[in-house]
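Subject: Structure handover

Hello,

Please find the structure below. My notes on it come after, for you to check against the coordinates.

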Amino acid sequence: QRAFQIKLKKQRKKERKLLEDKRSNEEKMLFVEKKYIDQQEELKDMRKVVTELREKYKACQCEITDLQKEHQEEKETFLQDIRELNRQLDFHKRITEIMMADGELEKIKQKCEFNDEDQTWKIPLFVVQNRLVNLPKLSKAKAESLIENEK
């Protein structure tokens, strides 16, 4: 999905560049000096130029609005991704807190390395003993007290 978004951004940049080139060429053509026979012809031509410039202005305003909407949508998507990742992180953190004491977790953490190139953790093998997953049918308070006693 990220690769697709990057590709899409590059394509949009290319489209914007082509549009800018096209606009600049059109503007050059609008302001090329012309020789007029009379003032009526010149006035008619100037009105045409003003009309075209108004249309371009409106189109630019629409494009700005579209870009702002697109930016807002991307921002909301990123925020949604961040929230989801935080929920997952909190879940894994809670499971880890239940499964291991803080000292055990720190021992493992000290032996781990993060590879910046691959963006992955290198975690040595370890064994967790005497921790069977059992979901008791106890009240929440009793379950929490049992967990606290385990630590």
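The notes below go from the overall fold to salt bridges, then to a surface patch, a pocket and a backbone angle.

This is a predicted model, so local features need pLDDT of at least 70 and side-chain atom pairs count only at pLDDT 80 or more, while totals for chains, interfaces and linings use all residues. Residues are numbered from 1 along each chain as its sequence is written, and side-chain values use heavy atoms, with hydrogens and water left out.

Overall fold

The protein has four helices and two strands. Their order along the sequence is α-α-α-β-β-α. Helices (H or I, at least four residues) and strands (E, at least two) are DSSP runs, numbered from the N terminus. Of the 151 residues, 5% are buried. Buried stands for under 20% relative accessible area, exposed for over 50%, and partly exposed for what lies in between (1.4 Å probe, protein chains only).

Salt bridges

There are seven salt bridges in the structure. The criterion is a side-chain nitrogen of Lys or Arg within 4 Å of a carboxyl oxygen of Asp or Glu. As background, side chains of opposite charge can pair when their charged atoms come close.

Arg12 pairs with Glu70, with 2.6 Å between the closest N and O atoms. This pair links distant parts of the chain, since Arg12 is in helix H1 (residues 2-30) and Glu70 is in helix H2, 58 residues apart. Glu70 also forms a salt bridge with Arg16, where the closest N and O atoms are 3.9 Å apart. Here Glu70 lies in helix H2 and Arg16 in helix H1, so the pair ties together parts that are 54 residues apart in sequence. Both arginines are partly exposed, Arg12 with a relative accessible area of 24% and Arg16 with 27%.

A further salt bridge joins Lys17 and Asp21, whose closest N and O atoms are 3.3 Å apart. Both residues lie in helix H1, four residues apart, or about one turn of the helix. Lys17 is partly exposed at 49% relative accessible area, and Asp21 is partly exposed at 32%. Salt bridges with shared partners join Lys9, Arg12, Arg16, Glu70 and Glu74 into one network.

Nonpolar patch and aromatic pair

On the surface, a nonpolar patch is formed by Phe114, Trp121, Ile123, Phe126 and Val128, with about 500 Å² of accessible area together. Patches consist of residues with over 30% relative accessible area and no salt bridge, with like charges joined within 9 Å and nonpolar side chains (Val, Leu, Ile, Met, Phe, Trp, Tyr) within 5 Å. The areas come from the Shrake-Rupley method with a 1.4 Å probe, and for residues only the protein chains shown count as cover.

Phe126 is in the loop between strand E2 (120-122) and helix H4 (140-150). Its relative accessibility of 42% makes Phe126 partly exposed.

A search of the whole structure gives one aromatic pair. The ring centres of Phe114 and Trp121 are 5.2 Å apart and the planes are at 65 degrees, so the pair is edge-to-face. For this, rings of Phe, Tyr and Trp (its six-membered ring) pair if their centres lie within 6.5 Å, and planes under 30 degrees apart count as stacked, over 60 as edge-to-face and the rest as tilted. Phe114 is partly exposed at 37% relative accessibility, whereas Trp121 is exposed at 53%.

Second largest pocket

The second largest pocket holds about 420 Å³ of space. It is lined by 14 residues, of which Thr96, Leu105, Lys109, Trp121 and Ile123 are the closest to its centre. Helix H2 (39-99) and helix H3 (102-111) are the elements that give two or more residues to this lining. H3 gives the most, with five residues.

A pocket is found on a 1 Å grid over the protein atoms alone, as an open set of points where a 1.4 Å probe fits, with protein on both sides within 12 Å along at least five of seven lines; lining residues have an atom within 4 Å of a point. Grid points are joined across faces, edges and corners, and the volume is the space filled by probe spheres set on the points.

Backbone

Gln119 is not a glycine but has a positive phi of about 60 degrees. It is in the loop between strand E1 (113-115) and E2, and is exposed at 54% relative accessibility.

Regards
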